[in-house]
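I opened a new structure today and kept notes as I went. Here is what I looked up.

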Amino acid sequence: MDNAQNPPHLDGVRPRDAAGITAFAPRLRASWQRSRRYGVAPDHVRPVFTGSVDRESLLYECGREVLQGLRSTLANEPVSMMITGSDGLVLCRMSDDASVDRALDRVHLAPGFSFAERNVGTNGLGLALADRAPSLVRADEHYCSDLRGFTCAAVPVLDPVTSDLAGSVNLTTWSDASSSLLLALAQAAAGNTAALMLARGHGGRMSPSVPRGEVFRVQAGSLADQDLPELLSQRWTQALDRAHTAMLHGDVLAVVGEPGAGKTALACLARRAARPRVRLLGARPPSDTDVEPWLSLWSPELAKDDTCVVLETMDALTTRVATRLAEVLSAARRSVTPWTPPPLQPFVITAERYDALPEVLRAQVDAVVEAPALRLRPDDILPLADLFARRHRGRPITFTPAAARALCDHSWPDNARQLERVVREAASRTDTIDVHHLPAEVFTDTTRHLTRIEQLERDEIVRCLTESATTMTRAAERLGMSRATIYRKIAHYGIRTPGRSSRGRE
């Protein structure tokens with residue numbers, strides 16, 4: 001295989017394993033496997049542009065101040081320093097080396113662009129965010145060949161109050177430059193950023209909240225294309241067949257459904273079934289001030305026969321933005337003539353509900369297909385959980401029978417997106433997922449909003465109940481409650497006793 005398929009071993013030799021993927025550092029190997037499953041292009045960086053950077057967030061403010069201090073230490077060194085959000089969005093970048101800046105601009109490693117692993121494959125900041133661990137990615141260890149002229153050291157920044165992932169500090173230099181101190185400097189900067197956030201955190205926003213539109217994001221859906229037709233239930237495959245048929249008829253398709261149900265995945269799978277080698281791009285709603293830059297970046301792709309743009313959550317558009325978008329889509333629609341097969345349309349629209357789409361966009365739609373909610377297809381829960389865990393870790397992860405029952409018994413109000421988050425978090429900590437690796441939300445059926453104190457109490461009750469060989473009496477003793485009180489609390493929070501199935505599943 002070529003460079004794009006096989007990362008080098010640290011000594012420059014590329015040993016192969018049975019899967020054809022090189023056997024080298026486990027984290028890098030797993031990252032390369034994920035990059036391939038995401039459908040990332042190995043030979044060219046495809047920019048993921050948001051158009052907006054929130055310069056009022058606490059992370060931006062504190063991180064930028066820390067990097068300003070580090071800048072004097074690295075004066076005249078060919079190092080670029082960056083702060084990114086938890087989603088890989090580059091918030092700020094600074095350096096004193098114009099040649100490094102120009103090179104980074106060519107690969108779009110600049111403010112407003114996202115460098116998450118899902119978008120550009122294995123890279124320093126993407127790996128640090130994916131694994132929540134300090135990461136150094138050198139030269140040919142990058143998945144995309146465009147990035148192999150660089151070495152990147154990145155360290156996650158954790159919210160000092162909640163310990164949630166806030167973002168990362170990333171230091172980038174030339175691949176042939178010395179990188180021995182790069183990771184240590186990034187670790188110091190990340191620690192100083194978190195400390196400054198804690199000191200200034202009262203009343204500040206920890207993370208960006210500006211609406212962002214992503215373009216040139218390679219879409220593989222949330223799921224592995226080659227696995228889904230065999231794994232998933234009849235309800236899902238019927239929806240997929242309807243979407244596929246509509247596309248073959250030359251219809252402009254709208255895929256609707258609850259948030260996280262897999263609308264984009266369904267659209268991508270249907271389009272790849274219609275044309276296997278199609279290039280799929282994703283675009284999300286921009287802010288009102290970014291409409292023209294947003295359109296200019298991706299709308300030329302509509303003219304290409306081998307490309308389809310998935311316009312996601314278009315029910316979130318304002319009337320003004322929707323009207324401008326409708327003008328572009330009307331011009332891009334492909335005409336159908338009686339003597340030729342219907343052409344495939346160059347775009348697909350997704351929304352929560354068809355009637356929530358702005359009227360000018362509803363006028364563009366010829367067919368509507370609903371992506372069924374996960375609670376309506378419970379037989380899909382375990383196959384999807386297995387798939388998400390395998391994709392995250394790069395190898396099979398097992399579930400105990402009790403954990404499998406807990407997953408199947410939950411109603412998943414946020415659908416497959418919630419299932420993926422839960423499974424990824426659990427798989428990050430173990431190779432065998434048991435009930436105590438699952439968050440309290442999996443054992444809770446109530447949809448009532450809980451205060452922070454209530455969440456802590458609920459989580460502690462679930463933690464005690466999921467401990468091995470814990471009886472209700474023992475859990476009550478550990479919590480300092482009577483049996484009557486713990487039963488009342490269980491009912492109040494809608495907690496299902498771990499290990500017992502509410503659906504009668506075995």
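This is a predicted model: local features need pLDDT of at least 70, side-chain atom pairs count only at pLDDT 80 or more; totals for chains, interfaces and linings use all residues.

**Helix α5.** I started with helix α5, residues 124-131, and asked how enclosed it is by the rest of the structure. I found that 7 of its 8 residues are buried, so the helix is largely enclosed. I noted down the buried ones: Gly124, Leu125, Gly126, Leu127, Ala128, Leu129 and Ala130.

**Its two ends.** At the start of α5, I saw a side-chain oxygen of Asn123 come to within 3.3 Å of the backbone nitrogen of Leu125. Just after the helix, I got a positive phi of about 50 degrees for Arg132.

**The sheet.** Next I traced an open sheet of 5 strands, and the pairing is antiparallel. I wrote the order as β2-β1-β5-β4-β3. Which strands sit at the edges? They are β2 (90-94) and β3 (135-138), each pairing on one side only. From one strand to the next, the twist averages 15 degrees.

I then checked β1 (residues 79-85) against β2: they are antiparallel and share 4 bridges. Thr84 has Val90 in β2 as its bridge partner.

Helix α6 (residues 182-200) lies across β1, β3, β4 and β5, and I noted about 25 degrees between α6 and β4.

**The cores.** The largest nonpolar core here has 60 residues, and Leu253, Leu419 and Leu438 have the most contacts inside it. I followed up Leu419: among the residues it touches are Leu374, Phe388 and Trp412. A second, separate core has 30 residues, including Val53, Tyr60, Leu91 and Leu182.

Technical notes
Residues are numbered from 1 along each chain as its sequence is written. Side-chain values use heavy atoms; hydrogens and water are left out. Two strands pair if DSSP finds at least two bridges between them. Helices (H or I, at least four residues) and strands (E, at least two) are DSSP runs, numbered from the N terminus. Axes are lines fitted to C-alpha atoms, for helices over the stretch in contact, and angles run from 0 to 180 degrees between N-to-C directions. Contact means heavy atoms within 4.5 Å. A nonpolar core is a set of buried Ala, Val, Leu, Ile, Met, Phe, Trp, Tyr and Cys residues joined through side-chain atoms within 4.5 Å. Buried means under 20% relative accessible area, exposed over 50%, partly exposed in between (1.4 Å probe, protein chains only). A polar contact is a pair of N or O atoms within 3.5 Å; within protein, one must be able to donate a hydrogen and the other to accept it, and residues adjacent in sequence count only if both atoms are side-chain atoms. Lists of a residue's contacts leave out its neighbours within four places in sequence.
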